[in-house]
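Please keep the sequence and the structure in view while reading.

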Amino acid sequence: LMGSFILVIARRQLISFRYTIGWLGLCAVTFIGALLVPVVEPIARFLKVDPFTVVGGSAFLILLAICIQLSISISGLQRQLHDVNEVVALLRDKVENDPAQ
């Protein structure tokens, strides 16, 4: 269900391709992890937790990676916006204080 929702909003271009892949990856890890409980059980026994914790932990790590990527993207956009605002302010000052007018 979540994967279908992600595909719908991706087709409407509400999220970018890389975030679509990230969210679909999260859905895939959760779905496949739930199906492969026998494979996850040895890892869970080694870590002394139940298999659901391993699957949930994997999903949590993917969510964490998406959050970090979003933070990096937002920081880059803020930096670009700051640079554009500086250029606009300098150009506005130059136009308003131009003695040729």
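## Overall build

The protein chain contains four helices and zero strands, so that its pattern along the sequence reads α-α-α-α. The model is a predicted one, and every value given here was computed from it.

Along the principal axes, its C-alpha atoms fill a box of roughly 80 × 30 × 10 Å. Of the 101 residues in the protein chain, 18% are buried, and the accessible surface comes to about 8,100 Å², with 70% of this belonging to carbon and sulfur atoms.

## The buried side of helix α1

Helix α1 spans residues 2-11, and its buried residues are Gly 3, Ile 6, Ile 9 and Ala 10. These residues lie on the same side of α1, because they cover an arc of only 130 degrees around the axis. In general, an α-helix has 3.6 residues a turn, so residues three or four places apart point the same way.

Among the elements that cover the buried residues of α1 is α2, which runs over residues 17-35. Just after α1, Gln 13 takes a positive phi of about 60 degrees.

## A nonpolar patch on the surface

On the surface, a nonpolar patch is formed by Phe 31, Ile 32, Leu 35, Leu 36 and Val 39, which together have about 500 Å² of accessible area. Helix α2 contributes the largest share of this patch, namely three residues.

Val 39, by contrast, lies in helix α3, which comprises residues 37-47. Val 39 counts as exposed because its relative accessible area is 51%, and the cut-off for exposed is over 50%.

Terms used. Residues numbered from 1 in each chain as written. Predicted model: local features only at pLDDT ≥ 70, side-chain atom pairs only at ≥ 80, totals over all residues. Heavy atoms only, no water. Buried < 20%, exposed > 50% of the residue type's maximum accessible area, 1.4 Å probe, protein only. Helix = DSSP H or I, 4+ residues; strand = E, 2+ residues; numbered from the N terminus. Arc of directions from axis to C-beta. Contact = heavy atoms within 4.5 Å. Patch = residues over 30% accessible without salt bridge, like charges linked within 9 Å, V, L, I, M, F, W, Y side chains within 5 Å. Areas by Shrake-Rupley, 256 points an atom, 1.4 Å probe, with all protein chains shown as cover. Salt bridge = Lys/Arg side-chain N within 4 Å of Asp/Glu carboxyl O.
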